Amino acid sequence: MFTYIVRRLVQTIPVLIGVTIIVFSLMHLIPGDPAQIMAGESAPKEQVENIRERLGLNDPYPVQYWNYISNAVQGDLGSSIRSGRSVSSEIGGRLMVTIELAFYSTILSVFLGLIAGIVSATKQYSFQDVSLMILALFGLSMPNFWLGLMLINWFAIGFDLPSWVPFLENTSWFKPSGWGSFQQVLLPVITLGTGGAAIIARMTRSSMLDVIDEDYIRTARAKGAKERVVIYQHALKNALIPVVTVVGLQFGALLGGAVLTETVFAINGLGKLIIDSIRARDFPIVQGGVLVAALVFVAVNLIVDMAYRFLNKRIDLN
Amino acid sequence: MSEPAIENQSTIMNKTTHPLLQSWKNFFRKLSKNKAALVGGFLILFFIVVALIGPYFTPYQPDTTDVVNKLQPPTADHWFGTDHHGRDIFSRIIHGMSITLYVGFFSVILGATAGVVLGIIAGYYGGRIDAFIMRCMDVLLAFPGILLALAIVSVLGGSLQNVIIAVAVFSIPVFARIVRGSTLETRKLEYIDAIKALGASDFRIIFKHILPNVSSPIIVQATLNIATAVLTASGLSFLGLGAQPPTPEWGAMLADGRNYLYNAPHVAFFPGVMIVFVVLAFNILGDGLRDALDPKMKD
């Protein structure tokens, strides 16, 4: 296992180099002079030259890349054109909000996805199975930004209930924006978690169905084990192995998906920071944000890969 | 030639049907048994017809404003209501259908073409070329979905064409990986060695023998990827980085509706419902195709 971990870490190095090259190249792929674009069309020459100097755009390309990498390794990703603050400090607080949002959404999607997947698999072709899988297909096909808007419409703006409904005057239970309290967190978490729940439900179902056909399950049943024990102790344990991979990948994907959810709910996370910076043409922040999100994604994939190999003993680690 | 001789010849012809033709026949037979896939296929066909001829039959032009009747709820005159400029949402949705399908199809065609070429080169030639191409694909896969598209659009600028390029780029690695795997499997078959020994060129082997063998997974992946492409493209337009006003693109229409959720929720509701239906149709068809083309599936 140790050799495998080392080999996997070494394999990650070229990927990280590639990621940094792409992120670094973003600035150079902008049609026209990036310094002029960042400063604005009518900016004075001195200001443009100042930005060019600050970003090191006068240096040769390899030198710029080397400077970018050596600074990035030390946590220096440059400074924001708008605020002048360091990119690392701008991203720091925002990243935690996005990770928190992705984490809660993952918990929700695992909870809903596992229950739906297990029920579907154990009651194959039943009404519950068909209904849950149709629901999962809808969950998979729904744009999360639209779902977010509809949730805001139904549960944050609310609608007047008939007067005979006791205790409640309207349905505006949750807040349409911000992050922190339960009333602010629930709707974005549902918005971001629904797609993941659908994927996990489909994966759990197919994985459970594969396992349920195995000989050892038939043996357990033949020996008189209770159905609950067969499902939860024998089948689910093995069926969960491929699901772990999906859950891990979902967490990474949610970091990207958070861009839209944060925009809909006005949450000051990393995604919203990137969008705001794209609009303001603050490219150092865009570069830093994309780089950090990609690094987190690579790290999560690495952990998931190792967890999968660790859980699935049948895979030859060498 | 006598009649029995003709009969014998036709029997032989049937028995010796080209394996590729036979596999496609099997595929359509399995697909026709999959009701969900048929529903998905018919829905897509319906959407294509609407996109092609719908704009000629809409009650209003998509850009015709009517400020007096702005933000009207659904009525007999305006089936889906009107937006903040008084434009008919139903007409805009019908006109937007072609944009959605155009972005979905073209981004996937672009991404799939590049991915298939790279995957075949990597799988067929192997060695350093393979290692280099696949490491490049790993790098593209290291970016979370929409973020890569976002980064590309941020550089190229917000427009429908740039959205297509962005979505195509993030589709490339998926196709490259699938095609490389299938190419590796096919390349190892003995008949490929035999053809090589007979002096066939690489070009002929790739186009005549390898490409037909990898076409099934490409079709399945392309169908599922169109669904993802539609979602991503509408997401980028929602963020203001895709289609620009007054283009009746559904994501952009949703973004407009966001500001009127309190008094006119229908402005955001209908474009979203349409995105769900289109994506759903491609997902259903993709699932059905996968089932039909999966050799592990029993008859």
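Helices (DSSP runs of H or I, at least four residues) and strands (runs of E, at least two) are numbered from the N terminus. You're looking at a predicted model, where local features need pLDDT of at least 70, side-chain atom pairs count only at pLDDT 80 or more, and totals for chains, interfaces and linings use all residues. Residues are numbered from 1 along each chain as its sequence is written, while chains are lettered from A and ligands numbered from 1 in the order in which they are written.

**Stop one: chain B.** Select chain B and colour by element: there are 11 helices and 0 strands. Its C-alpha atoms fill a box of roughly 80 × 55 × 30 Å along the principal axes.

**Stop two: Thr82(B).** Zoom to the loop between helix H3 (35-53) and helix H4 (89-125) of chain B, and pick out Thr82(B). Is Thr82(B) buried or exposed? Thr82(B) is buried, because 29 other C-beta atoms lie within 10 Å. (Buried takes 20 or more such neighbours, exposed 12 or fewer, and partly exposed is in between; C-beta atoms are placed from the backbone.) Now show Val279(B): its C-alpha atom is 24 Å from that of Thr82(B), and the two are 197 residues apart along the chain.

**Stop three: two helices in chain A.** Hop over to H7 (residues 144-157) and H10 (residues 227-264) of chain A, whose axes come within 9 Å and cross at roughly 25°. Axes are lines fitted to C-alpha atoms over the stretch in contact, with angles from 0 to 180 degrees between N-to-C directions. So H7(A) and H10(A) are roughly parallel to each other, a label for angles under 35 degrees.

Definitions and conventions
Angles under 35 degrees count as roughly parallel, over 145 as roughly antiparallel, 65 to 115 as roughly perpendicular and the rest as oblique.
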